[in-house]
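This report goes through selected features of one protein structure. It begins with a term needed for reading the surface and then turns to strands and charges.

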Amino acid sequence: MYPNYRISVEVIVWHDEKVLLTKRAEHCKVAPNVWNVPAGKIKYEEIPLQGLFREAKEEINLDVELLEELSVRNLKSKSGDEDIYRVVFTYLVKPKNDDISSLALNDEHSEFAWVAKEDLNDPKYETLHDDIRCILLEKVFNENKR
């Protein structure tokens, strides 16, 4: 019934009171030209936490430290004409030793931005998925101190 079902992780990187958003490259099959947080599918032999660290390294070339799990949710979306089904684990992390000097995007992304709470209202980020926007507003930027 759900032929395209996977487990995925989303990586919300917190640094200097901002979060990292990445824009999917135009050539990507899933969500081309869409702003998001780094994310990816879990491999069969992994658990979500292992996938979190691997995806952070693969997508943005950062070693990260886990701060907390923010959300686990079901997501139905599209990849081209195909429906896709995901269980998505969303994690809040920080760069290991607060070092972002190695930050580099892989070819799945065309640009990145460090975004403060007020920046989320910028029309530039209108493609940001509502779920991520809510998680950022309610669970990341709404906290008193990190």
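A residue is called buried when its relative accessible area is under 20%, exposed when it is over 50%, and partly exposed in between. The model described here is predicted. Asp 16 has a relative accessibility of 61%, so Asp 16 counts as exposed.

Where is Asp 16 found? Asp 16 belongs to the loop between β1 and β2. These two strands form a hairpin with 2 residues between them. The phi of Asp 16 is positive, about 50 degrees, although Asp 16 is not a glycine. Most residues other than glycine have a negative phi. Glu 17 lies in the loop between β1 (5–15) and β2 (18–24) as well. Because its relative accessible area is 55%, Glu 17 is exposed.

Another residue with a positive phi is Asp 98, which is not a glycine and has a value near 55 degrees. Asp 98 is placed in the loop between β6 and β7 (109–115). With a relative accessibility of 44%, Asp 98 counts as partly exposed.

Which residues gather in a patch of negative charge on the surface? The patch is made up of Asp 16, Glu 17, Asp 98 and Asp 99.

**The partners of β1**

β1 pairs with several strands. To β6 (residues 82–95) β1 is joined by 9 bridges, and the two strands run parallel. Within this pairing, Ile 7 has Val 87 of β6 as its bridge partner. To β4 (residues 39–41) β1 is joined by 3 bridges, and here the strands run antiparallel. Val 9 stands opposite Gly 40 of β4. The pairing of β1 with β2 is antiparallel and takes 2 bridges. There, Trp 14 has Val 19 of β2 as its bridge partner.

**Salt bridges**

Side chains of opposite charge can pair when their charged atoms come close. How many salt bridges does the structure hold? The count is 10.

| Residue | Partner | Closest N and O atoms |
|---|---|---|
| Arg 73 | Glu 10 | 3.0 Å |
| Arg 54 | Glu 46 | 2.6 Å |
| Asp 83 | Lys 76 | 4.0 Å |

Arg 73 forms a salt bridge with Glu 10. This pair links distant parts of the chain, since Arg 73 is in strand β5 (residues 64–79) and Glu 10 is in strand β1, 63 residues apart. Arg 73 and Glu 10 are buried.

Are Arg 54 and Glu 46 buried or exposed? Arg 54 has a relative accessibility of 16% and therefore counts as buried. Glu 46, at 15%, also counts as buried. Arg 54 and Glu 46 take part in a network of salt bridges that also links Glu 55 and Glu 58.

The pair of Asp 83 and Lys 76 has another setting. Asp 83 has a relative accessible area of 26%, so Asp 83 is partly exposed. Lys 76 counts as exposed because its relative accessibility is 54%.

Notes
Residues are numbered from 1 along each chain as its sequence is written. This is a predicted model: local features need pLDDT of at least 70, side-chain atom pairs count only at pLDDT 80 or more; totals for chains, interfaces and linings use all residues. Side-chain values use heavy atoms; hydrogens and water are left out. Patches are made of residues with over 30% relative accessible area and no salt bridge: like charges are joined within 9 Å, nonpolar side chains (Val, Leu, Ile, Met, Phe, Trp, Tyr) within 5 Å. Accessible areas come from the Shrake-Rupley method with a 1.4 Å probe; for residues, only the protein chains shown count as cover. A salt bridge is a side-chain nitrogen of Lys or Arg within 4 Å of a carboxyl oxygen of Asp or Glu. Lys and Arg count as positive and Asp and Glu as negative; His and the chain ends are not counted. The place of a charge is taken as NZ of Lys, CZ of Arg, CG of Asp or CD of Glu. Helices (H or I, at least four residues) and strands (E, at least two) are DSSP runs, numbered from the N terminus. Buried means under 20% relative accessible area, exposed over 50%, partly exposed in between (1.4 Å probe, protein chains only). Two strands pair if DSSP finds at least two bridges between them.
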